[in-house]
Structure formats: C-alpha cells, structure tokens
Amino acid sequence: MENKKTLFIRESSGLVREVSPWSSMLATFALVTGGVPILIISWMWLAPGINWTLAYLITLVPTLGMAFLFYIAGISMPRSGGDYVFSSRAIHPAVGFINYFGLFVAFALSLGLYSELGAKWFAYLFSGLGMFLGNSQLISFGCFFSGTLGSVVVGVIIIIISAVLAMSSKSVWKFTLISGIVSFVSTAVLFYVLTTINPGEFSSTLSSFTGIPHAYQSVVSFARSCGLSFVANPITAAVLGIPVIWYYYTWYNLPASWSGEMKNVRTNVLYSIIIALLIIGVYYILFTQLNINAFGEKFLTSWGYISCNGLNDTVYTSLSSISTFTPFFALLVNKSIPLYIIMFIAFWLPNFYSNPPLIVALTRYLFAWSFDRVMPSWMADVNDRFHVPLKATALVSAIGFAGVLLYALVPSISIVDVTVIFEISYAIFALSAALMPYLKRQVYENSVPIKRKIMGIPIVTLIGLPTFAFLVYATYITWGNPILLPINIPTIASLAIIYGIGGVIYYIATNLNKNKGIDLGLVFKEIPPE
C-alpha cells in the first residue's frame, strides 16, 4: 500500500467538484461553435450546392459515436484530463501521452488564434456600421481592429480576462453559464431576423446600396467564370461536406478534461458531450439553412469563393471589409442597428466566452501529466482558496499570449495545420478505446461501467472501430485540401516536430523517474486519486 501511495505525487487532487451540467454544456457549445458561423459561409464553396442538412446529419452519426467514447472516458475515469487518463491506460502510456501532447499543442495554438480573431469580429462590426451610416470614423475603427496592432491588443485583453476568470473555479463557470444564456437568446433573435428576409429582397437592396445594377447576379456569374461549379445532385454529393462539417464538430472532448470537478459525473458528461452535440447539430442545420433561405445558396457560395480565393470582383471589393459576416447583409435589408448588434453578439460571444473554459481544459491536461509524473510536480499545485492549479493556469495564459503574437506577427505559424492533429488524435483515441478490452482487460473490467456486449463483442469496440475507420476516411478525402489540410514540407515538418517533442518528453520522464526508483509503467496501471 505504501508503494502504491508513492506512485502519484500526492494522495488527493485537491480539486473541488463544483461544475454544473448546464455550465459545462454551454461551455461545450461555445468551444465547438465559437468562430464557426463565419467559416460555414466562407467554406460553402468547398462543397458547392450539396444538401447541407443531409451532410450535417451524415457527419453527426460517427461524431456521436466518437462522443460516446469520450463519454465512456469521462465517466470511467472522472479525473483532471479524464480523456487523456483513459487513453493512456487503454493501450499504452507512451501512445496516450504523445497523442494528447499533440492535441494540447493544437488547442494551445487555437487559444492564441481565436483570441487574436476576437478583434476581427469588431472589425466587421464597426466596418459594417461605418459603411451603412456613411461614417468614416467607424470605418477607421474597423480598420484598426483588422490590423496587426488592433488584433494584438484585443487578443491580449481577451487572454487576460480569460486567465483571470480561469483562476477562480466558481467565477469561470458562473461566467460561462451567464454568457451561454445570453448567447442562446441572441442566437434566437438572429434566427428570427433571418426568417424575415428573402433572396429577392436582398438582391434588390444589394444593388441599391452598392450602386451596381444586378449586383447579386453579377457575384454569382463572376464566381462561375472563375471556375466555381455546383454539384449536379445535392443529395448524392452530400458526403463532400464531411471534411468541413467534421471540423465544425470538433472540440467536444474537452469536458472530459474537467470531469474530475463535475457534480453528478454521469449526468454532467452526458449533457456536456452528447446532448451538447445534438444541440450543436440542430444549431448548425438551422444557421446554414436560414442563411441560405435569406440570401440564396448560390450567392453565399459564390461570395465565400471570391473571399477565400482573393478574387477581384467589383461587388465584393466594395464590401470586402465585412468579408462573409452575414449580419451586415441583414442590416442592409431591415436597416435595424439594434438587431445588427444583437446578431453580432450571437456571432462573437461564443468565440469570446469559450476561452476561459479552454484555459481550464489545458491546465487540467498539464495537471494530469504532472500527477502521472510526466511533467514537473508544480503543475499540479492547487491553490487552497480558489481550488485551481494557479501555476499551470499562468503557464497556459503565457502560451496564449505567445500564440496571439505568433499569429499576428509571424503569419507562417499557420503552417501548423490543427485539422490533421484533431483527426489523428481522435482516431487514435477511438482505436485505443476499441482495443482496450483486449489489450488492457483488467483496467477495462475495473474501470469502465458500461460493458455491454453484442454477439460477444464489447460495445466500445463495436463503436470504436467504425469511428476509427470513418476518421481515416475523413482524413483521406481531406488530404491535400488547400484550405483544410494542405500537404507540404513545412506542414509535415511541423507535425513531426510536435509529436517528436512529445516523444522526447515521455522518454526523459521515464528515465528521470527510473533514476528515482519509480516505474512509470506501474503509475499507468493505476487511476489517479480524486
């Protein structure tokens, strides 16, 4: 027993279970959807003319399979970094750590990216108001937020606010709950406004505002002349939407990282991952279809095609400062500035309030690695007053600051393509869960509460293997996509460096602990203490 106690850095985590299902579920909504609405419009041209509702439903099926596996991880080992803890004990600790180190890097880079992009939303807001009102001062504000200085200033402010909130467990989850409610209310208003607009009305308004006759039709004609073509059969071609939609659905594993602090774990993880994904699926379907109904699919697809490819279209150039920010299109039609601001909140708020839970999640992975003795013990130091690992939070915040500066000042950082990291990490997790009953039978029998079998095969295997196959297929059809997954030497080199660093860290930790008389192999045969 004494030897078992010394495996981990201490006998209890020191964390408090105070995360409610509602705040956790709303955090998932923000983490998954933050920043995505504008991508939906921008990337429609990657699968032009498909049946988007069907495509969302097709992709949701394997996504829910993956969500079930993360649900199993969360309820089997409800600890900090719960999905990492599960993965590292499901197949091999080195595979689990290296895989999650890569995922950590992807999330950490995203923390910097989405904080920096927080400024871009203000650029759309003020540029749109300035153009609508003919106010050059507002347009100048928009230009400031779209520039390097503006994006860095706002990005740093977002990181600071997020870090302060993440340093108090009660504050971060209360903030998440309130922000989530406001987000849902503003989204309901957004959806209502979209139902009041039709393409004919918008077409007339666009020509009137730009002063360009037949502006709506000219956008579509110009995009077609530059190579855009729509699929012949929207239903049979729906699978073309899998690469982008699969990416829209990612990040739902993060609630498992704070499962060690959840009240009523089974209910909380269910709401946080599976129920949240169902809500997100409905949200994406409604958002996409309502925008199509309001502004026309061919126009939106053409607009995104022109925007992403930097084409010189007369109509787009006159409105390029608002990019694919469709609330501006609604403003042109209904001429209501209050509704425009509410629609802006519906777009911007999830992108903003997802940052504090993201910092929480990243610190919990560091916490779990520290408990497993792969990282220094100070990363798991918990403050008695705030019940959070303050040192780890400060480290993650510093990484966020660096990320903001990198994305703003060193554009080449974008070569680190996080899409492939998510696909690799999720695929390895699915395979690990599927093989666990066979490779780590004792751990599986002692920890996994759902052991149902069908024809003698564990349900985690029946779900894990097809999910793994789907992710391999999704990677295959995304491979080489110039937007989602560009394959070149810098991209491959960056991935090799990321996973290589993870391997080196694990190797060093193994040898350092061995010199102290601690066998990491024994550590990973146990579940960390609560």
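Predicted model: local features only at pLDDT ≥ 70, side-chain atom pairs only at ≥ 80, totals over all residues.
I'll start with helix H14, residues 297–308. H14 has twelve residues and reaches 16 Å from its first C-alpha to its last, close to the 16 Å expected at 1.5 Å a residue. How many of its residues are buried? Nine of the twelve, so H14 is largely enclosed by the rest of the structure. The buried ones are Phe299, Leu300, Thr301, Ser302, Trp303, Gly304, Tyr305, Ile306 and Ser307. On your screen, look for what covers them: the cover includes helix H3 (36–42), helix H10 (199–210), helix H11 (215–225), H13, H15 and H16. After H14 comes Gly310, with a positive phi near 60 degrees.

One more residue in that stretch, Lys298, lies over the face of Phe230, at 5.8 Å from the ring centre.

Next, the aromatic pairs. The structure holds 64 of them. I will show two.

Are they buried or exposed? Tyr84 is buried, and Trp369 is buried as well.

The other pair is Phe325 with Phe347, also edge-to-face: 5.3 Å centre to centre, 75 degrees between the planes. Here the partners are 22 residues apart, and this too counts as linking distant parts of the chain. Phe325 sits in the loop between helix H15 (314–318) and helix H16 (327–334), while Phe347 belongs to helix H17, residues 337–353. Both Phe325 and Phe347 are buried.

Last, the backbone. Most residues other than glycine have a negative phi. Which residues go against that here? I have two to show.

Asn264 has a positive phi of about 45 degrees, although it is not a glycine. Where is Asn264? It lies in the loop between helix H12 (242–248) and helix H13 (265–295). Asn264 is exposed, with a relative accessible area of 54%.

Arg373 is also not a glycine, and its phi is positive, near 70 degrees. Arg373 is found in the loop between H18 and helix H19 (390–409).

Notes
Residues numbered from 1 in each chain as written. Heavy atoms only, no water. Phe/Tyr/Trp six-rings, centres within 6.5 Å; stacked < 30°, edge-to-face > 60°. Buried < 20%, exposed > 50% of the residue type's maximum accessible area, 1.4 Å probe, protein only. Helix = DSSP H or I, 4+ residues; strand = E, 2+ residues; numbered from the N terminus. Lys NZ or Arg CZ within 6 Å of the ring centre and 35° of its normal. Expected span 1.5 Å × (residues − 1). Contact = heavy atoms within 4.5 Å.
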